[in-house]
Amino acid sequence: CVLLAVLILIAALGYYLNQRYAGRALPYTYIGSISIGGLTQAEIKTALDNRAQDLQVTFTEGGLTRTVSASDLGADFNTQKASEQAITGFNPFRYLTKRTLTVPVDVNERYVDGYLRMHVANMQTDAKNAEITKSKKDLVIVPETNGFRTNTAYVKEQLQKSLATLEPATINLSAATDKPTITQADLQDDIDMARK
(Lines give C-alpha, C1' and ligand atoms only; values in the text may rest on other atoms or scores of the structure.)
Protein backbone atom coordinates (compact mmCIF):
# COMPACT_ATOMS: atom_id res chain seq x y z
CA CYS A 1 0.00 0.00 0.00
CA VAL A 2 2.87 2.39 0.87
CA LEU A 3 4.63 1.62 -2.40
CA LEU A 4 1.40 2.16 -4.33
CA ALA A 5 0.81 5.47 -2.53
CA VAL A 6 4.38 6.64 -3.38
CA LEU A 7 3.89 5.66 -7.03
CA ILE A 8 0.57 7.50 -7.20
CA LEU A 9 2.18 10.58 -5.59
CA ILE A 10 5.08 10.53 -8.06
CA ALA A 11 2.69 10.05 -11.00
CA ALA A 12 0.52 12.96 -9.79
CA LEU A 13 3.57 15.19 -9.39
CA GLY A 14 4.79 14.20 -12.86
CA TYR A 15 1.37 14.93 -14.35
CA TYR A 16 1.23 18.33 -12.62
CA LEU A 17 4.72 19.31 -13.82
CA ASN A 18 4.00 18.05 -17.32
CA GLN A 19 0.85 20.20 -17.46
CA ARG A 20 2.62 23.20 -15.97
CA TYR A 21 5.53 23.12 -18.46
CA ALA A 22 3.59 21.98 -21.53
CA GLY A 23 4.72 24.28 -24.35
CA ARG A 24 7.29 25.96 -22.11
CA ALA A 25 11.03 25.62 -21.56
CA LEU A 26 11.97 23.52 -18.55
CA PRO A 27 13.44 25.23 -15.49
CA TYR A 28 17.21 25.79 -15.46
CA THR A 29 17.31 26.26 -19.23
CA TYR A 30 19.65 29.00 -20.42
CA ILE A 31 20.87 30.56 -23.64
CA GLY A 32 24.12 32.24 -22.67
CA SER A 33 23.26 34.05 -19.44
CA ILE A 34 19.56 34.42 -20.33
CA SER A 35 17.33 32.23 -18.20
CA ILE A 36 14.44 31.03 -20.36
CA GLY A 37 12.96 28.45 -17.98
CA GLY A 38 9.16 28.61 -17.91
CA LEU A 39 8.87 30.80 -21.04
CA THR A 40 6.79 29.93 -24.09
CA GLN A 41 8.36 29.72 -27.54
CA ALA A 42 7.07 33.19 -28.50
CA GLU A 43 8.43 34.71 -25.26
CA ILE A 44 11.81 33.05 -25.80
CA LYS A 45 12.01 34.33 -29.39
CA THR A 46 11.14 37.88 -28.28
CA ALA A 47 13.78 37.81 -25.51
CA LEU A 48 16.42 36.48 -27.90
CA ASP A 49 15.54 39.00 -30.62
CA ASN A 50 15.81 41.87 -28.12
CA ARG A 51 19.21 40.64 -26.93
CA ALA A 52 20.54 40.07 -30.47
CA GLN A 53 19.45 43.54 -31.56
CA ASP A 54 21.72 45.25 -29.00
CA LEU A 55 24.68 42.87 -29.28
CA GLN A 56 28.11 44.52 -29.67
CA VAL A 57 31.42 43.14 -30.93
CA THR A 58 34.75 44.53 -29.72
CA PHE A 59 37.81 44.14 -31.91
CA THR A 60 41.19 44.46 -30.20
CA GLU A 61 44.48 45.01 -31.96
CA GLY A 62 47.54 45.93 -29.96
CA GLY A 63 46.32 48.73 -27.71
CA LEU A 64 43.42 49.74 -29.94
CA THR A 65 39.82 48.67 -29.48
CA ARG A 66 36.90 49.17 -31.83
CA THR A 67 33.27 48.41 -31.02
CA VAL A 68 30.72 47.67 -33.71
CA SER A 69 27.18 46.32 -33.73
CA ALA A 70 26.86 42.63 -34.61
CA SER A 71 24.20 43.54 -37.17
CA ASP A 72 26.71 45.80 -38.97
CA LEU A 73 28.83 42.68 -39.55
CA GLY A 74 25.93 40.84 -41.18
CA ALA A 75 25.22 38.58 -38.18
CA ASP A 76 21.95 36.71 -38.68
CA PHE A 77 20.61 35.04 -35.52
CA ASN A 78 18.22 32.12 -36.02
CA THR A 79 16.19 32.81 -32.89
CA GLN A 80 13.23 30.87 -34.30
CA LYS A 81 15.22 27.61 -34.36
CA ALA A 82 16.71 28.28 -30.90
CA SER A 83 13.27 28.94 -29.40
CA GLU A 84 11.94 25.72 -30.94
CA GLN A 85 14.86 23.69 -29.55
CA ALA A 86 14.27 25.10 -26.07
CA ILE A 87 10.78 23.59 -25.87
CA THR A 88 11.00 19.89 -25.12
CA GLY A 89 8.56 17.40 -23.75
CA PHE A 90 8.63 16.79 -20.02
CA ASN A 91 11.36 14.48 -18.85
CA PRO A 92 11.70 13.91 -15.08
CA PHE A 93 15.44 13.38 -15.45
CA ARG A 94 15.90 16.77 -17.17
CA TYR A 95 13.68 18.70 -14.80
CA LEU A 96 16.41 19.60 -12.28
CA THR A 97 19.42 19.62 -14.59
CA LYS A 98 20.84 22.80 -16.08
CA ARG A 99 20.67 22.98 -19.88
CA THR A 100 22.60 25.55 -21.87
CA LEU A 101 21.62 26.10 -25.47
CA THR A 102 23.07 28.26 -28.23
CA VAL A 103 21.57 30.29 -31.06
CA PRO A 104 22.62 29.33 -34.60
CA VAL A 105 24.44 32.35 -36.07
CA ASP A 106 25.43 33.05 -39.64
CA VAL A 107 27.95 35.86 -40.16
CA ASN A 108 28.24 37.32 -43.65
CA GLU A 109 31.90 36.99 -44.67
CA ARG A 110 31.61 39.84 -47.18
CA TYR A 111 30.46 42.26 -44.46
CA VAL A 112 33.34 41.18 -42.20
CA ASP A 113 35.87 41.49 -45.03
CA GLY A 114 34.54 44.94 -45.97
CA TYR A 115 34.73 46.15 -42.37
CA LEU A 116 38.28 44.85 -41.97
CA ARG A 117 39.41 46.45 -45.26
CA MET A 118 37.91 49.83 -44.36
CA HIS A 119 38.84 50.07 -40.68
CA VAL A 120 41.71 47.68 -39.99
CA ALA A 121 43.81 46.84 -43.06
CA ASN A 122 45.52 50.23 -43.23
CA MET A 123 46.64 49.89 -39.61
CA GLN A 124 48.14 46.41 -39.92
CA THR A 125 51.88 45.98 -39.38
CA ASP A 126 53.76 44.69 -42.41
CA ALA A 127 56.61 42.24 -41.97
CA LYS A 128 60.03 43.75 -42.71
CA ASN A 129 63.11 41.77 -43.61
CA ALA A 130 66.38 42.27 -41.80
CA GLU A 131 68.83 44.37 -43.79
CA ILE A 132 72.43 45.50 -43.74
CA THR A 133 72.87 49.27 -43.56
CA LYS A 134 75.81 51.57 -43.15
CA SER A 135 76.03 53.52 -39.92
CA LYS A 136 78.60 56.31 -39.43
CA LYS A 137 81.67 54.08 -39.50
CA ASP A 138 80.51 50.50 -39.69
CA LEU A 139 78.04 48.15 -41.29
CA VAL A 140 75.18 47.02 -39.02
CA ILE A 141 72.22 44.68 -39.31
CA VAL A 142 68.79 46.21 -38.79
CA PRO A 143 66.70 43.36 -37.26
CA GLU A 144 63.60 42.00 -38.90
CA THR A 145 60.09 42.96 -37.79
CA ASN A 146 57.22 40.50 -37.50
CA GLY A 147 54.01 41.70 -39.09
CA PHE A 148 50.43 41.15 -38.03
CA ARG A 149 47.53 40.64 -40.35
CA THR A 150 43.87 39.83 -39.95
CA ASN A 151 42.36 36.77 -41.56
CA THR A 152 38.69 37.27 -42.53
CA ALA A 153 37.83 33.57 -42.25
CA TYR A 154 39.36 33.46 -38.75
CA VAL A 155 37.36 36.52 -37.63
CA LYS A 156 34.14 35.06 -39.06
CA GLU A 157 34.72 31.75 -37.26
CA GLN A 158 35.42 33.50 -33.95
CA LEU A 159 32.31 35.67 -34.34
CA GLN A 160 30.09 32.65 -34.97
CA LYS A 161 31.44 30.90 -31.87
CA SER A 162 31.20 33.95 -29.61
CA LEU A 163 27.84 35.29 -30.74
CA ALA A 164 26.05 31.91 -30.40
CA THR A 165 25.62 32.57 -26.66
CA LEU A 166 24.24 36.09 -27.30
CA GLU A 167 27.03 37.58 -25.21
CA PRO A 168 29.17 40.55 -26.32
CA ALA A 169 32.15 39.21 -28.26
CA THR A 170 35.80 40.28 -28.07
CA ILE A 171 37.95 39.28 -31.05
CA ASN A 172 41.73 39.73 -31.27
CA LEU A 173 42.56 40.90 -34.78
CA SER A 174 46.31 40.36 -34.49
CA ALA A 175 46.03 36.62 -34.27
CA ALA A 176 47.87 35.84 -37.50
CA THR A 177 51.59 36.64 -37.73
CA ASP A 178 53.49 37.45 -40.91
CA LYS A 179 57.06 36.19 -40.73
CA PRO A 180 59.79 38.02 -42.65
CA THR A 181 61.73 36.01 -45.24
CA ILE A 182 65.16 37.32 -44.20
CA THR A 183 66.13 37.30 -40.51
CA GLN A 184 69.04 38.78 -38.60
CA ALA A 185 70.62 35.33 -38.29
CA ASP A 186 70.48 34.92 -42.09
CA LEU A 187 72.57 38.07 -42.58
CA GLN A 188 75.28 37.30 -40.03
CA ASP A 189 77.58 35.60 -42.57
CA ASP A 190 76.91 38.33 -45.13
CA ILE A 191 77.86 41.17 -42.79
CA ASP A 192 81.12 39.48 -41.84
CA MET A 193 81.98 39.14 -45.53
CA ALA A 194 80.91 42.75 -46.24
CA ARG A 195 83.10 44.09 -43.43
CA LYS A 196 86.13 42.28 -44.87
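I began at the start of helix H4, where a side-chain oxygen of Asn108 comes to within 2.9 Å of the backbone nitrogen of Arg110. I note here that the model is predicted, and that what I write down is computed from it.

Next I asked which residues of H4 are buried. In this helix, which covers residues 109-119, I found Val112, Tyr115 and Leu116 to be buried. They lie on the same side of H4, because the arc they cover around the axis is only 95 degrees.

I then looked up what covers the buried residues of H4, and the cover includes strands E3 (56-61), E4 (64-69) and E7 (105-107), together with helix H5 (152-163).

Turning to the nonpolar cores, I recorded that the largest has 33 residues, and that Val57, Phe59, Phe77, Leu159, Leu163 and Leu166 are those with the most contacts inside it. Among the elements that give two or more residues to this core are H4, E3, E7 and H5, along with helix H2 (41-53) and strand E11 (169-172).

For Leu166 I set aside the neighbours within four places in sequence, and the remaining contacts are Ile31, Ile34, Leu48, Arg51, Ala52, Leu55, Phe77 and Val103.

Last, I checked the rings: a search of the whole structure gave one aromatic pair, and I also noted Lys98 over the face of Tyr30, at 4.8 Å from the ring centre.

Conventions:
Residues numbered from 1 in each chain as written. Predicted model: local features only at pLDDT ≥ 70, side-chain atom pairs only at ≥ 80, totals over all residues. Heavy atoms only, no water. Buried < 20%, exposed > 50% of the residue type's maximum accessible area, 1.4 Å probe, protein only. Helix = DSSP H or I, 4+ residues; strand = E, 2+ residues; numbered from the N terminus. Arc of directions from axis to C-beta. Contact = heavy atoms within 4.5 Å. Polar contact = N/O pair within 3.5 Å; in protein donor to acceptor, adjacent residues only side chain to side chain. Phe/Tyr/Trp six-rings, centres within 6.5 Å; stacked < 30°, edge-to-face > 60°. Lys NZ or Arg CZ within 6 Å of the ring centre and 35° of its normal. Core = buried A, V, L, I, M, F, W, Y, C linked by side-chain atoms within 4.5 Å.
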